Amino acid sequence: MTTSPQQPPWIAYVVPFDFPEGGAGARRVLGNAQSLVAAGYRVTIISAQIDRSGSDARPFAPGISLASTGERDAEHLPRALKRARYIFTGSRTRDWIARAPTPPAAIILYSGYSPYLLQLTGMARRRNIPLIFDAVEWYTANSTAGFLKSPYLWNIELAMRVLIPRLDGVVAISSYLADYYRKRGLAVAQVPPTLDVSALEPSLKSRSTDGRLRLAYCGSASNDLLDTVISALMRLDPEGNRILLEIAGPTADEVLALPGLAGRGAVPPGLALHGRVTHEQSVAITRAADFSIFLRQINRVSTAGFPTKFGESLSLGTPVITNLTSDLAEHLDDGVNGLVCHPTPPATWRIFSSGR
């Protein structure tokens, strides 16, 4: 990478997944990178993916370039070998940054946790490069036994409680994470998910083509209470005459395995399953809906994170039905840009039951 006097300083944004096809994480990084470009920086997103284009940085978007280090070269290996390789993940990224003719103004690490932090921290300190962590989640187990059996969760706890507090700063997606690291003495910027709304085309037209209320769910059934949503809709409209729920993400087998659909051999008429889809397809499904809908348990995972799909849905002109987790209470105006599902949500379910 070359730098001339006319070029602005550059920031290395490190991600441990494929980019741009990295789901909500990739959209988070892209939004932040575009904000940094607007602030006067150039950004190189350094991805762990294996790419035939090689490791040289190549243009991706205005002010943003993309490089691939091939860190994720153990996905096909047995679990034990994959875990052993994971311990050393980040070394190629460290070397890539160290080889740059001009050091970056800062390194921002999204996820990656202990392996990346152990690889990057020493190099950043030796070269006096600020190292910042983009904190967007804090996974935990449902039980002590589950935690003790998960080396991945050990790695997260080590990073969140020991390694990250030693860095130069944190970009926090939620007030929970922002407050935690401020109390640890770090410089913190709280930045919820950001989107390039100019690249999204909202739809304000009537969505329904058959008179049914059209809902959209795009996500992972492991993160959301999809079974709760489906069970409620089946009680209110078992024949699917008034409500259509379009589901993108989970496969048909995964949906049929949910407790609310136990014993059913076929998909109920009120559900339309799209399975795994591209981001563009999920955007189209959300845009065409009357509401997007998702529910989440209130725990540390949902409190520390912030649902990217919330802001994306509103940017598409589709109001959101959800319960209040994380900082959603600051953004969801009940009855204006969506509907709040309380533990007993009469207003929301009245809309469903009336078929409006």
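Across which strands does helix α10 lie? Helix α10, residues 279-287, lies across β9, β10, β11 and β12, and runs at about 155 degrees to β9. Before I go on, please note that this is a predicted model, in which local features need pLDDT of at least 70 and side-chain atom pairs count only at pLDDT 80 or more, while totals for chains, interfaces and linings use all residues. Residues are numbered from 1 along each chain as its sequence is written, and side-chain values use heavy atoms, with hydrogens and water left out.

Helices (H or I, at least four residues) and strands (E, at least two) are DSSP runs, numbered from the N terminus. The open sheet is built from 6 strands, in the order β11-β10-β9-β12-β13-β14, with parallel pairing, where two strands pair if DSSP finds at least two bridges between them. At the edges we find β11 (271-275) and β14 (338-340), each pairing on one side only. Strand β9, residues 213-218, pairs with β12, residues 291-293, in the parallel sense over 2 bridges, and here Leu215 stands opposite Phe291 in β12.

Helix α8, residues 226-236, also packs on the sheet, touching β9, β10 (243-248), β11 and β12, where contact means heavy atoms within 4.5 Å. The direction of α8 makes about 160 degrees with that of β10; axes are lines fitted to C-alpha atoms, for helices over the stretch in contact, and angles run from 0 to 180 degrees between N-to-C directions.
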